[in-house]
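Here is a short note for a colleague new to this structure.

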Amino acid sequence: MRAIALVILLAGCGRFGFDSSDETDDIPSDDDIADAPSDTTDGVEPDAPLPDGRWRAVSTSAISACGITLTGELWCWGANDDGRLIGSGDGIAPPTRIGSDSDWTAVATGGDYTCGLRGAGDLYCWGFNYYGAVGTGALDELFLAPTRITAAQYASLATANYSTCAVQSDRKLMCWGRNQAGQLGLGSLTLAEPPQAVGANVRTVAIGANHICTTNASGELYCAGANWLGQLGTGDGMDHPTFALVGNGYAQVIAGDEHTCALRADGASECWGVGERGRLGTGTGDWSATPRATAAPPLTSLAAGLGHTCGATSTGELWCWGQAVRGAIPGQSAETLAPTRITAPPTTAVAAAGFSTCIVDDDAHILCSGNNAYGQAGQLPEPGTLFTQADTRTDWASISAQSDHGCATTTSNQTFCWGSNADGQLGDGSYLDRQDPVPVQAGTSKLSGLELGSWSSYGVDGTTMFGWGWTPLFDMTLTSPVIVSNTAVSVASGFEHACWVEAGGELHCMGDNKHQELGRDDIGFSTDEVIPGTWIDAYAGRYVSCGTRTDGSVNPRLYCWGITGLLGTLTTSDQFTPVRAELPDLPINTVAFGVQFGCAIINGGELWCWGAGWDGRLGQGTFDDSDVPVRVGVRSDWVDVDLGDDHACAIAADRTLWCWGKVLDGEGGAMTVALQPQAVGGTNWADVACGDSATCALKTDGTRWCGGANEDGELGNGEAWLGSLSAVP
């Protein structure tokens, strides 16, 4: 393969972005810096506030962002787990200066790491070295300070979640990090560490989730890596572990997660790969395995996020197209099938990643829109303890959560949902993610027993069971409720399956049978399986199903089937026939499941848990697993319990709320581990619901309180993303 050199800074899902110049060979000289506008903050402490209008470049990833000032200072903000972004602290970082150097020329933010260029092209990286993406040779180690990567001089760099490429000053392309799909073009599928030579004479380079593309001085465009979605543009549908020629006449290339776009020498833009929701800018949602022209005017730069693309013209107009959820495209709320001019100040630089877009305007401001749960759009989320009030309503009656969305009913029998909506699981007639509660579409009145799966939602109105989102009975996604059964009395939802009990005691399950959770001794999908017996209630978790039946006993007994370790009894393999959980023969109040653990309240208030014990999720004060139920403490007045991914919460009869396991200390704050139930604070708690890494609870006064992760809007507090461009402080 031939190539060439010019500098680039690309943008893509979970990645970076850069300044407006597509002729980025020229690294600013000392004279350039000396001629820059004066900066009264030279020599300030690293956390000193920034004056207005001093930026020349910006890079954004899915969870963080960095900017370079006109005088060469580097500042970063956003998710800062273990200090990997700014070198100290944890949780969320406000705009914070990195060191005291003033010779930074380029920056690119990756998944859990950052790289930048200084001086004449010295390459530095820092953060967590997953898959060797930092390039130091010390896999899976944390580097809190910028660390020099090789002694070579570099002109540009590009990052992905776990892969990095950089163009040396002699135009040689070096790449390192994750390479499981051949996305580094090395001819293999093995991890690349330390940095390895890929090609020569490279002009621009872009890394997607599983592919890489480059252009050279002759305008030839080459791509390598995974091609099952057409993202290489070769038209053959074949993966290419080494570079394959796509075409000629190209000046720049950028990569999204599953799509690719490029600029021709005259500024015309072309895109290929996944076209869903307009990400190719052709006016349709059609996919294409070869380059297709967009209707955008001539552009001088491009940047791509997870499902959207933005670019700037020579006169500073901002144009975007594609998936406009979560503020990814500023000011747009629905899919944008064709290039659309975006209201923005004259733009000199564009960056995009995930569901975010940032620009630098001609007054040297950085403005961002999109995801902001970690402050990556530059607006620091409101600090709080574990729970803060999520909205002003005072009529909430019940609540449920699962994965990355939540739903709740009001005292007037309305149902609202919020969070991720990729499969229609919010039931509002759309696929738009929502950071505030939206009403579920008409067709239901009072939904009792709300049950949520990862991509679905269910509720029972009298004896009518409704489902929306991905509904296994129809094996399709539904954006508004449909009737699943007219005789249901209870429903439960697991990860990819659901079960319900009919009025006559029949227990039905539908969905995926990966671990025999449908009660069938095979692996596969089914729209309806009947579990023998006469049942009272149904319960479900990830790869497990349970139900209660009397079997002639005074007390209903719990029986489970599915994945071993969650059945509440000692087994060595998955079970397709119901086995009795080893709970005391006492009345069962409720059963809840998280990821690989379950809990039950029995005998009017005793709490028992079983399964995997990591992060103290069983509440025993240890990290030990237990296949059989073990009692949590000595309290006998628990009235409600719910489980999340790695944590659990329960309410006692005195209306106090207790949580244990891996708990987020405040919205987007540090992660803490509680080995036994710890009081959250306050009283008057009425209902609790745990999602993957977030928790919401209702008080007896009808208010809703939430805390934890908010990346997908699962807190429903309107603070997960910015819908329009907002200035970074």
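1. Start with C690. Its relative accessible area is 1%, so C690 is buried (buried means under 20% relative accessible area, exposed over 50%, partly exposed in between, with a 1.4 Å probe and protein chains only). A disulfide is a pair of cysteine sulfur atoms within 2.5 Å.

2. A word on the basis. This is a predicted model, where local features need pLDDT of at least 70, side-chain atom pairs count only at pLDDT 80 or more, and totals for chains, interfaces and linings use all residues. Residues are numbered from 1 along each chain as its sequence is written, and side-chain values use heavy atoms, with hydrogens and water left out.

3. The structure holds 13 disulfides. One of them joins C407 and C417, with sulfur atoms 2.0 Å apart. The link is right-handed, with 105° about the S-S bond. C407 lies in strand β31 and C417 in strand β32 (residues 415-419), so the pair ties together parts ten residues apart in sequence. Strands (E, at least two residues) are DSSP runs, numbered from the N terminus. Both C407 and C417 are buried.

4. C358 and C368 form another disulfide, S to S 2.1 Å. This link is right-handed too, with 110° about the S-S bond. C358 sits in strand β27 (residues 356-361) and C368 in strand β28 (residues 366-371). C358 is buried at 1% relative accessible area, and C368 is buried at 0%.

5. Now the sheet. Four strands form an open, antiparallel sheet in the order β34-β35-β36-β37. Its edge strands are β34 (448-452) and β37 (476-485), each pairing on one side only. Three bridges join β34 to β35 (residues 456-461); two strands pair if DSSP finds at least two bridges between them. E451 stands opposite Y458 in β35.

6. Last, the cavities. A cavity is a set of points on a 1 Å grid over the protein atoms alone where a 1.4 Å probe fits but cannot get out; lining residues have an atom within 4 Å of a point. There are three cavities of 30 Å³ or more.

Technical notes. On a 1 Å grid over the protein atoms alone, a cavity is a set of points where a 1.4 Å probe fits but cannot get out, and a pocket is an open set with protein on both sides within 12 Å along at least five of seven lines; lining residues have an atom within 4 Å of a point. Grid points are joined across faces, edges and corners, and a volume is the space filled by probe spheres set on the points.
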